[in-house]
Amino acid sequence: MTATPAPKGATFQDLILALQTYWSKHGCVVIQPLDMEVGAGTFHPATFLRAIGPESWKAAYVQPSRRPTDGRYGENPNRLQHYYQFQTVLKPSPDNIQELYLGSLEALGVDPLVHDIRFVEDNWESPTLGAWGLGWEVWLDGMEVSQFTYFQQVGGLECYPVTGELTYGLERLAMYIQDVDSVYDLIWATNSDGTSITYGDVFHQNEVEQSTYNFEHADVDHLFSVFDFHERECNKLLAANLPLPAYEQTLKASHTFNLLDARKAISVTERQRFILRVRTLTRGVAEAYLNSRAKLGFPLAEEGIRLEALAALEESK
Amino acid sequence: MATVDFLVELGTAELPPISLQKLSKAFSAGIMQGLKAELGKDAQTLLAACSVENFATPRRLAVKISGLIDEIPASVSSVQGPPLKICYDADGNPSKALIGFAKKNSVELEQLSERDGKINYTQQIAAKPLAALMPGIVEHSLSELPIAKRMRWGANKIEFVRPVQWLVMLFDERVIDCEILGVQAGNQTRGHRFHHQQPITINNPAEYEAKLQRAYVIANFSKRRDKIVTQVKQQAELINCIPHIEDDLLDEVTGLNEWPVALTGAFDKEFLSVPQEALILSMKEHQKYFYTTDEKGQLMPNFITISNIESKDVSKVIAGNEKVIRPRLADANFFFENDKKISLESRCEKLKKIIFQQQLGTVYAKSQRNAALASHIAGLIQGDQQKAQRAALLAKTDLVTDMVFEFTDLQGLMGYHYALNDGEDTEVAQAIFEQYLPKFAGDQLPATKTGLALALADRLDTLTGMFGIGQPPTGSKDPFALRRATVGVLRIIIEQKLDLDLKQLVELSVAQHEAIAAEDKAKVAKQVVLFMLERLRAYYEDGTIRIDTYLAVAALAPSRPLDFDQRVNAVEHFRSLAAAQSLTAANKRVSNILDKQSLDKQLPIDSALLTEAAEIELDHCLTALDAKLMPMFESSDYRGALTLLASLQQPIDHFFDNVMVMAEDPAVQKNRLALLQKLRQLFLRIADISLLN
């Protein structure tokens with residue numbers, strides 16, 4: 001925990017830079033966001049796909065995330081339909097992963113002897129990703145600022161080695177650090193003349209318009225058919241042995257489902273069926289991805305685990 | 001034999017707070033069980049002097065046993081073998097029997113001796129140091145912990161609740177050398193995550209608790225819980241409020257701390273206009289805060305939270321918590337205010353878009369069916385049919401409000417508030433809340449007639465619908481919780497004393513389902529009634545009613561639950577009477593006799609054929625009783641009827657002592673059977689007493 005704390009009153013972008021620097025120092029590949037609509041950083045192939053199979057992996061990145069149902073037309077100071085997550089994945093999860101995480105908070109200027117930091121049980125499950133894991137929400141003075149998960153299963157496949165996933169809610173963390181009550185008041189950047197650009201300047205209009213679209217204009221009938229299309233496309237691509245493009249179709253289907261959900265077009269029972277459909281796709285993708293990596297001989301795996309995994313696959317054939 | 005203090009502490013990453021106590025108890029119970037198994041038949045005596053103490057915090061499970069014997073004492077085991085005379089043949093060679101015995105005990109013949117004319121194997125079992133056995137005992141106990149989901153971490157295949165980080169295992173000052181769950185045992189533990197970061201050496205088990213205390217860890221769960229209670233009360237006193245400390249929340253919070261420090265925060269008074277259940281839910285479920293009220297039970301704009309740090313700047317921690325709860329309450333407030341803008345009535349249309357179940361149609365369709373059925377039931381229980389209909393039509397509309405979308409637990413309750421806001425009738429509003437009652441075993445029941453009608457209709461509709469489309473609950477699969485729904489219906493009818501017939505209700509409900517083909521309707525109705533009567537068994541099993549009492553009544557399959565219940569209570573009362581046992585035996589006897597005769601209808605009794613004094617007496621008694629019993633049956637006074645029937649004990653005993661039923665003269669025989677038939681029929685108007693044990 002020797003990182004230099006971020007400057008007091010760190011801007012939103014300082015925060016991102018501080019986290020990138022911290023995790024970069026700890027051996028992570030800093031990659032860029034996925035250029036598609038996803039509900040969370042977990043959907044980025046750098047997490048979902050890399051968690052599958054025996055290969056080692058360390059990465060950190062920002063992921064813009066969309067959750068149409070969370071939109072509040074820019075009126076709620078804490079709820080957004082579009083927001084940012086900072087995601088770190090460490091595979092295999094190191095023994096000192098909690099200490100590493102706490103080190104990152106200190107790098108952001110959080111003093112653990114002033115603030116009440118807690119790891120509170122949180123069992124994560126994503127039915128659409130066929131994934132579950134155990135871990136915690138991390139509370140900072142009662143506020144959930146991160147999620148901490150040890151993946152046990154992804155795409156219906158057992159995880160070995162286990163990926164440790166750390167997800168920071170950037171807006172919440174920033175609101176805390178900058179001590180503001182509304183997300184729109186966050187300082188995003190400071191100009192050279194001392195004036196600043198706020199989160200509201202950057203995103204308020206977007207929240208208003210996108211909420212309106214999500215809740216009022218999204219064409220339900222068309223979305224249903226779009227969902228069907230992506231499902232077909234995914235299956236076609238899986239048959240053609242193209243797991244990566246197939247995965248993108250899954251993401252599109254998943255986001256379409258979220259939009260339909262925001263339009264309250266899906267009942268409780270129907271919901272179950274849609275989730276099952278997406279899960280079937282992600283399972284297909286996970287298996288295809290695992291096989292494609294096996295064909296390459298799992299190049300990023302640690303030697304002992306690599307041989308073990310190849311032998312296990314051979315045996316199951 | 002010396003005694004030692006034993007300590008085991010498993011250090012982990014933060015454990016789940018709700019299961020912490022359960023894990024802790026199971027851990028020590030498992031260790032004690034393991035010790036008992038090793039110590040054998042003398043375990044009780046050998047362990048009598050030791051005392052066991054459990055410790056549980058988010059980061060550790062520990063057990064200390066003081067005054068534990070340090071070894072399994074030496075013992076002598078003696079096994080008797082075959083008689084000496086069959087052990088050797090005439091030439092003095094060992095027989096098969098002898099060789100077999102030696103083999104079975106894995107000993108050489110020379111090691112055997114003789115005792116009381118038999119071959120004997122006496123073995124001196126040396127004392128065994130317990131230290132060597134402890135790792136196995138601890139490991140086994142850990143593997144048996146009641147863990148819902150075990151997890152793996154890193155690149156290993158070990159599984160536990162959360163990653164395992166260290167292990168302390170001591171016999172007095174001696175470390176028990178072993179490796180469990182991937183960690184090597186030692187004598188170093190860790191203190192509070194932030195207050196005390198240096199490792200702590202535990203020199204002997206006796207100093208464990210005190211050393212941790214100095215490192216900002218209250219290791220004992222109940223001491224920590226007590227401290228929290230004291231602190232919460234102190235905080236509440238400072239702001240002149242009454243704290244509400246619910247046990248489940250208290251336990252959970254205790255499981256989230258090693259060094260609890262209670263702090264009080266406040267929120268804007270304006271939020272108090274939101275139904276307080278929503279605010280309490282926000283505080284409790286999301287933030288694990290204790291809420292406070294004034295003397296009248298009105299929520300106060302404060303909360304008490306338990307932090308896990310002696311902060312260098314307490315105000316920052318409080319401000320942080322206030323910052324968290326504000327948006328949560330603001331959300332609740334926003335939903336409430338926004339929801340109120342649209343009346344429940346105008347939300348009905350929206351229910352057309354929500355599928356209740358694919359084959360059973362939309363929630364709108366269900367509401368329509370509920371309305372018809374609820375109205376009918378209201379008529380049967382002298383309620384207001386129009387109110388029942390209205391309540392049913394509005395009952396599900398709160399499902400499309402933002403508040404319920406966000407806090408599902410508030411369904412019904414929000415409907416109640418919104419209905420009042422819309423100016424609906426109070427009883428209609430009340431019924432919308434009551435439709436989901438009882439929510440769990442022992443929960444309150446609907447109180448209004450409209451609520452009763454709606455609660456019954458909603459459950460019956462789901463029940464008949466799911467059976468109708470061929471999806472009754474099977475094994476552990478009961479996605480619509482039909483079993484619970486059924487017990488709900490039964491409880492409501494019985495405990496609110498409603499004179500309703502399941503058969504009639506179910507038929508009414510089945511008739512409304514378009515998804516059930518006309519020709520299947522009768523069959524489905526029968527199935528559902530049968531299922532419901534079977535659930536009565538579960539209902540009674542939870543109470544004090546003996547199962548054979550239930551069976552005696554169930555044999556008659558009365559389809560009015562209240563009537564069923566009156567019979568059950570009558571039989572239970574009957575069983576407390578002195579005459580019960582002999583009458584039960586008599587009923588069994590009569591039942592056996594009649595079963596062999598396969599009589600299909602009541603035979604006439606010819607009093608001219610009655611000759612024996614005992615049968616004449618019985619006939620007189622039956623005739624006299626008959627007249628008195630009829631009005632009792634009419635008014636369902638089964639208890640009175642059975643008490644009266646108990647007076648038959650003597651005449652029946654006399655009858656069986658003195659009268660030969662299977663008389664030679666067929667006419668006399670037939671007449672006596674007729675008498676028994678009549679007797680049996682009288683009991684069967686209430687229950688089949690012959691089924692009692």
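**View 1. An open, four-stranded antiparallel sheet in chain B.** The strands of this open sheet follow the order E15-E17-E18-E16 (chain B) and pair in antiparallel fashion. Here, two strands pair if DSSP finds at least two bridges between them; helices (H or I, at least four residues) and strands (E, at least two) are DSSP runs, numbered from the N terminus. At the edges you will find strand E15 (242-244) and strand E16 (261-266) of chain B, each of which pairs on one side only. On average, neighbouring strands of the sheet are turned by 30° against each other, direction ignored.

This is a predicted model, in which local features need pLDDT of at least 70 and side-chain atom pairs count only at pLDDT 80 or more, while totals for chains, interfaces and linings use all residues. Residues are numbered from 1 along each chain as its sequence is written, and chains are lettered from A and ligands numbered from 1 in the order in which they are written.

**View 2. Strands E15 and E17 of chain B, side by side.** E15(B) and strand E17 (residues 290-293) of chain B run antiparallel and are joined by three bridges. Look for His244(B), which stands opposite Tyr291(B) in E17(B).

**View 3. Helix H9 of chain B on the sheet.** H9(B) packs on the sheet, where it touches E16 and E18 of chain B. Its direction makes about 50° with that of E16(B); axes are lines fitted to C-alpha atoms, for helices over the stretch in contact, and angles run from 0 to 180 degrees between N-to-C directions.

**View 4. Where chain B meets chain A.** In this interface, 35 residues of chain B are in contact with 35 residues of chain A, contact being C-beta atoms, placed from the backbone, within 7 Å. Strand E18 (299-307), helix H9 (314-340) and strand E19 (355-357) of chain B each supply at least two residues of the side that touches chain A. The largest share of that side, nine residues, comes from H9(B).

**View 5. Chain A as a whole.** Chain A holds nine helices and ten strands, and its C-alpha trace spans about 60 × 50 × 35 Å along its principal axes. Of its 317 residues, 49% count as buried, that is, with 20 or more other C-beta atoms, placed from the backbone, within 10 Å of their own. Among the contacts in chain A with a separation of 6 or more, 66% join residues 24 or more positions apart.

Key: Two residues are in contact if their C-beta atoms, placed from the backbone, lie within 7 Å. A residue is buried if 20 or more other C-beta atoms lie within 10 Å of its own, exposed if 12 or fewer, and partly exposed in between; C-beta atoms are placed from the backbone.
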